[in-house]
Amino acid sequence: ENADGRVHFDNESFLETFLEDPTNTTNFFISYYKSVMKRVPSNDTIYSLLSTYVGAISPLGSEKRRAPVNMKGLDDFPLKDILSIFIDSNQFLFGKRVIEGYIWLSCRHILLGMKKESNGVYSCDRAVACGPKLLVTVCDPLVILCNGLGWEKLEDLLVESVEKLCEFGKVAMALEFCQNIASKSSTLAGGGVLHKSRVCAKMFRMAYGERFHNDPISATNEFIKYYKDIVQPKSSKETCHMLLGSFVDVISPPNPGNRRIPLANVTNYPLKELLPLLVEGECYALGKCVIDGYIWLSCQEVTEAELFREDRIFEPRGPAQLITAGAPLLSICNALGWNELENVLIEAVKTICTHGDFKDALDLCQIAKTPSESSSGKDEQRSRVSSIMTDVAFKTIIARFHH
């Protein structure tokens, strides 16, 4: 520091120090920065200090990034404290780069050095990365950054955050992160709120995609509880629709080629609890997608990994849970038109006959035959489609008996 109070950091030296120990170097920087601020430094001094730190944790240009020598202590990295410094000084773009740098660091596997084994062979110790798990501690400052820079400017960063948490096996933490970000109030109005809703929907789609793949029933039950307890009472209609759409995309991807056989069975899938949410939100087209996705899932052979024992194989049972969701199913058919769901309903009957119980197939046909108040004006469509369903059911049953 010069006599005039200006601070001069050697950027290269600071970078080398940071790479030797990111956590302790950051703690030192925070302490030093606070001591400098007590002297009421110039804006140039503040900017120079912050610029030096950002250049170390997140150099401009991916080719300039270098993995640290020592990753020990990264679990205690003072992310919240360092991020607060950049927010308090209104350096939001620098704050964004701090988050980018932390995510990159947290995903590095680091060789810690050579050691000689008992057999005389040298090997490397390896610090295994744990992913950006500290992100759940900085949701408040992250939302401040999003409001300051615009949610669309941090969209890729937030989605990548969720992706990396899932990649490192922290799916529950990824969902917690999504929920925390979504629950924070936004100071923006109009288009800003819609940007936030869209970004949060993409984050949820990423997190629930992994959770659903691991266990469809638990993932759906968790989503239903979160949506009913938190989202539905407090969010706009647009936000509710976006979040419902993001979850439906998980069950029934827009591109069928992206469907994945789950790691757990869907025998008792909570369809009767999920479909009413879509009916209440008047998201009837999404309801059709859910039914279509559920039919596909219910026809897949699922192998569940068992610890210390042989894996369990679940034979497909077909979409029998459609029978339990008769009321919302009829509402969707009446809203969209029975012709619109004709192929889906016929496929449901076929697959139940093929994989499940004939009685279940006939029960589904009976549900379709039953007129309701909401079917007024569509009775001709309903009668025609239900007759085809019944005809398909009996033909399939007869064909199976002949075999």
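Predicted model: local features only at pLDDT ≥ 70, side-chain atom pairs only at ≥ 80, totals over all residues.
Local features here need a pLDDT of at least 70, side-chain atom pairs count only at pLDDT 80 or more, and totals for chains, interfaces and linings use all residues. Residues are numbered from 1 along each chain as its sequence is written, and side-chain values use heavy atoms, with hydrogens and water left out.

Confidence comes first. pLDDT is the predictor's confidence in each residue, from 0 to 100. The protein chain averages 86, and 86% of the residues score at least 70. Helix α12 (residues 271-280) has the highest mean, 97, while strand β2 (residues 122-127) has the lowest, 48. Helices (H or I, at least four residues) and strands (E, at least two) are DSSP runs, numbered from the N terminus. Over residues 122-126 the pLDDT stays under 50.

Next, S161, which sits in helix α7 (residues 155-167). Is S161 buried or exposed? S161 is buried, because its relative accessible area is 1%; buried means under 20%, exposed over 50%, partly exposed in between, with a 1.4 Å probe and protein chains only. Leaving out residues up to four places away in sequence, S161 touches I103, P132, L135 and F177. Contact means heavy atoms within 4.5 Å.

F177 turns up again in the largest nonpolar core, which has 114 residues. Such a core is a set of buried Ala, Val, Leu, Ile, Met, Phe, Trp, Tyr and Cys residues joined through side-chain atoms within 4.5 Å. Y53, L79, I82, F177 and Y269 touch the most other members. Beyond four places in sequence, the contacts of Y269 include F247 and I251.

Both F247 and I251 are buried residues of helix α11.
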